Amino acid sequence: MSNETLTITDNRTGRVYEVPITDGTVRAMDLRQIKVDQDDFGLMSYDPAFKNTASTKSYITYIDGDKGILRYRGYPIEQLAESCTYIEVAYLILFGELPNAAQLAAWEQAIIHRSLVHENVRHLFDGFRYDAHPMGMLISTVAALSTFYPEAKNVTDPEVRMLQIHRLIAKMPTLAALAYRNSMGFPVNYPDNDLSYTANFLAMMFRMVEPKYQPNPALVRALDVLFILHADHEQNCGTNAMRSVGSSRVDPYSAVAAAAAALYGPLHGGANEAVLRMLNEIGSVANIPDYVRRVKAGEFRLMGFGHRVYKNYDPRARLIKQVADEVFDVTGRNPMLDIALELERIALEDEYFVERKLYPNVDFYSGIIYQAMGLPTAMFPVMFAIPRTVGWLAQWVEMVTDKEQAIARPRQIYLGEDHRDLIPMEAR
Ligand code: CMC
């Protein structure tokens, strides 16, 4: 064996094992041979919340959390945000290469022509209560799409898969806009095929009685950048849900609903909404020191701060701060920005945050921008789910076509009662 191995001595038996190290990893299954006797199941690893376990090999997104690096298919996020549209980056994430002009045109056509939803899907929105959260509506209606496309169950057929991928990328903005229009009591806007992916989304959201809605190009560009920054982020909670649920070979609409549900939580994509609520609660710059004191006392967390992988400034947060200025040039400055900037300044100088390497993450500034664009707070996680759909789908394809993958089914350490016999009701 090469020196790329790990030697393990089992002090229970005195036996020595040598297991290979590949890509800086040992295989948990290699531990199974380590037994005290023939009846022993074999050694397992215990890793709640997957803090040190790779669940897959992947070729899509690279993160170096210590250096603050994020790349899709090898390209730095900064270069993609500077030069590409979201739909171009979506192609890159899915297919591994940037499209040429003809490929991009065909890709845009394939998407834009699938942006309508069945009228019955539109009527589903009538069933929600007047104050329904748009993320709940999005999760339910994307799951409902599986009933409209029953062939989507054939997840092993590449052509069927590709059709659902087109549909999901195309229809998520439509469902999101329907959720918003429904919660506002506004009439529905149908997609406009003359517009780009992001411009069409803004038109479906904000068109009132104008015969042709032309969104401000600076806002379209800002939305492209925001969508690029949210498109994928390797094995996060939502993506892990997509892979895990998809591993049962369920259709991708159901799996995307599961991924979106995971994203909804306040520790994940729901954090952008929580940040705005937090900034509102703080109310003014003068109240920040007391708020930070309460965070440090463990009363609650500073939302939009900290990350499982980044132990440095989240590169997406850095780019989002630049987008904020471009958006505010059009919309006027969001007064929440002053509170956020001061909160960041104080936190980054504070020993509690420095010691724990807690920096602003992607959600810290995105909500402030979305609010300036006129979106209600409850729409913020929806604005995360739309662009993340392509990441979920790319990871799902990788999982379905990976021969090493199987239904996701972790082990447990059972610590409950040993065998015991039932006592009749009258004797309990
Ligand atoms: N405010 C205050 N303390 C924090 C925070 C925070 N936002 N985040 C972590 N800590 C502390 C935590 O209390 C712990 O301290 P101690 O060692 O004294 O117990 C230490 O830092 C490590 O925290 P952890 O909970 O072990 O870290 P984790 O990797 O399990 O959690 C996280 C990562 C993102 C869930 C967490 O940082 C958090 O709750 N942040 C706030 C919510 C948020 O902004 N989420 C968005 C994440 S980025 C986008 C996305 O994923 O969608």
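Visitor: At what angle do H11 and H14 pack, and how far apart are their axes?

Guide: In this predicted model, H11 and H14 pack at an angle of about 95°, and their axes are 10 Å apart.

Visitor: Why are H11 and H14 called roughly perpendicular?

Guide: Angles of 65 to 115 degrees count as roughly perpendicular. The angle of about 95° falls in that range, and H11 and H14 are therefore described as roughly perpendicular to each other.

Visitor: Which residues of H11 and H14 meet, and into what classes do they fall?

Guide: Leu-276, Met-278, Leu-279, Asn-280 and Ile-282 of H11 meet Met-336, Ile-339, Ala-340 and Leu-343 of H14. By class, eight of the residues in this contact are nonpolar, one is polar and none is charged.

Visitor: Why is the pair H11 and H17 called roughly antiparallel?

Guide: Helix H11 (residues 271–282) packs on helix H17 (residues 380–400) at an angle of about 155°, with the axes 7 Å apart. Angles over 145 degrees count as roughly antiparallel, and H11 and H17 are therefore placed in that class. The crossing of H11 past H17 is right-handed.

Visitor: What makes up the contact of H11 with H17?

Guide: From H11 come Asn-272, Glu-273 and Leu-276, and from H17 come Phe-380, Pro-381 and Phe-384. Of these residues, four are nonpolar, one is polar and one is charged. Glu-273 supplies the charged member, because Glu is on the list of charged residues.

Visitor: How do you know that H16 is mostly covered?

Guide: Nine of the eleven residues of H16 are buried. The buried residues are Val-362, Asp-363, Phe-364, Tyr-365, Ser-366, Gly-367, Ile-368, Ile-369 and Tyr-370. Their covering includes helix H8 (217–229), H11, helix H13 (315–331), helix H14 (336–349) and H17.

Visitor: Why is Ser-366 called buried?

Guide: Ser-366 lies in helix H16 (residues 362–372). Its relative accessible area is 0%, and the cut-off for buried is under 20%, so Ser-366 qualifies as buried. Leaving aside neighbours within four places in sequence, Ser-366 is in contact with Leu-226, His-230, Asn-272 and Ile-320. Asn-272 is also one of the H11 residues that meet H17.

Visitor: What makes Ile-386 a buried residue, and what does Ile-386 touch?

Guide: Ile-386, a residue of helix H17, has a relative accessible area of 0%; this value is under 20% and Ile-386 is therefore buried. Not counting residues up to four places away in sequence, Ile-386 touches Tyr-86, Met-172, Pro-173, Ala-176, Tyr-197, Phe-201 and Phe-227.

Visitor: Why are Phe-50 and Arg-73 called partly exposed?

Guide: Buried means under 20% relative accessible area and exposed means over 50%, with partly exposed in between. Phe-50 has 43% and Arg-73 has 22%, so each value lies between the two cut-offs. Phe-50 is found in the loop between S2 and S3, whereas Arg-73 is in the loop between S4 and S5.

Visitor: What is noted about phi in Phe-50 and in Arg-73?

Guide: Phe-50 has a positive phi of about 50° although it is not a glycine. Phi of Arg-73 is near 50°, likewise a positive value in a residue other than glycine.

Visitor: What makes S1 and S2 a pair?

Guide: Six bridges join strand S1 (residues 5–10) to strand S2 (residues 15–20), and at least two are required, so S1 and S2 count as paired. These strands run antiparallel, and the bridge partner of Thr-5 in S2 is Pro-20. The hairpin of S1 and S2 has four residues between the strands, and Gly-14 there takes a positive phi near 80°.

Technical notes. Residues numbered from 1 in each chain as written. Predicted model: local features only at pLDDT ≥ 70, side-chain atom pairs only at ≥ 80, totals over all residues. Heavy atoms only, no water. Axes fitted to C-alpha atoms, helices over the stretch in contact; angles between N-to-C directions. Parallel < 35°, antiparallel > 145°, perpendicular 65-115°, else oblique. Left-handed = near helix turned anticlockwise from the far one by under 90°. Contact = heavy atoms within 4.5 Å. Buried < 20%, exposed > 50% of the residue type's maximum accessible area, 1.4 Å probe, protein only.
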